[in-house]
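Let's walk through this one together, looking at how the pieces pack. Have the viewer open and follow along.

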Amino acid sequence: MDAISLIGACSILSAGLCMGIGGIGSAFGEGNAAASALHAMAQQPDEASRIRSTLFVSMAMVETSALYSLLIAFLTLYANPFWNYAVEMAAK
């Protein structure tokens, strides 16, 4: 296996792991926040509108971890500095 194939395979593997771990963490966080909000709404129905607005803000904050994972995965796939170095070394 040459260096270019190895770097390409490692980039794809690391991007997949990054999205897998980031997506699982975000899903557990969002599920926990939603369950807690539903429990709080069941306990205090009069405060449901305030709980719902706080839930939406917290969901957006939890979702940013998945978006950051997506950003890192795209950078790993499309802006990998090792790829350019390997192509330059292969051309020599």
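At what angle do helix 1 and helix 2 pack, and how far apart are their axes? Keep in mind that this is a predicted model. Helix 1 covers residues 3–43 and helix 2 covers residues 48–78; they pack at about 175 degrees, with axes 8 Å apart. Since angles over 145 degrees count as roughly antiparallel, helix 1 is roughly antiparallel to helix 2. As for what lines the contact of helix 1 with helix 2, sorting its residues by class gives 19 nonpolar, nine polar and three charged.

Now bring in helix 3, residues 81–91. Its axis and that of helix 1 come within 9 Å and cross at roughly 170 degrees, so helix 1 and helix 3 are roughly antiparallel to each other too. On the helix 1 side, the contact uses Ile 4, Ile 7 and Gly 8; helix 3 brings Phe 82, Trp 83, Ala 86, Val 87 and Ala 90. By class, that contact of helix 1 with helix 3 has seven nonpolar residues, one polar and no charged.

One more stop: the loop between helix 2 and helix 3, where you'll find Asn 80. Is Asn 80 buried or exposed? Its relative accessible area is 12%, and the cut-off for buried is under 20%, so Asn 80 counts as buried. What does its side chain make a polar contact with? That would be the side chain of Ser 11, at 2.6 Å. Setting aside neighbours within four places in sequence, Asn 80 is in contact with Ile 7 and Leu 75 as well as Ser 11. Ile 7 also turned up in the contact between helix 1 and helix 3.

Terms used. Residues are numbered from 1 along each chain as its sequence is written. This is a predicted model: local features need pLDDT of at least 70, side-chain atom pairs count only at pLDDT 80 or more; totals for chains, interfaces and linings use all residues. Side-chain values use heavy atoms; hydrogens and water are left out. Axes are lines fitted to C-alpha atoms, for helices over the stretch in contact, and angles run from 0 to 180 degrees between N-to-C directions. Helices (H or I, at least four residues) and strands (E, at least two) are DSSP runs, numbered from the N terminus. Angles under 35 degrees count as roughly parallel, over 145 as roughly antiparallel, 65 to 115 as roughly perpendicular and the rest as oblique. Ala, Val, Leu, Ile, Met, Phe, Trp, Tyr, Cys and Pro count as nonpolar, Asp, Glu, Lys and Arg as charged, and the others, Gly among them, as polar. Buried means under 20% relative accessible area, exposed over 50%, partly exposed in between (1.4 Å probe, protein chains only). A polar contact is a pair of N or O atoms within 3.5 Å; within protein, one must be able to donate a hydrogen and the other to accept it, and residues adjacent in sequence count only if both atoms are side-chain atoms. Contact means heavy atoms within 4.5 Å.
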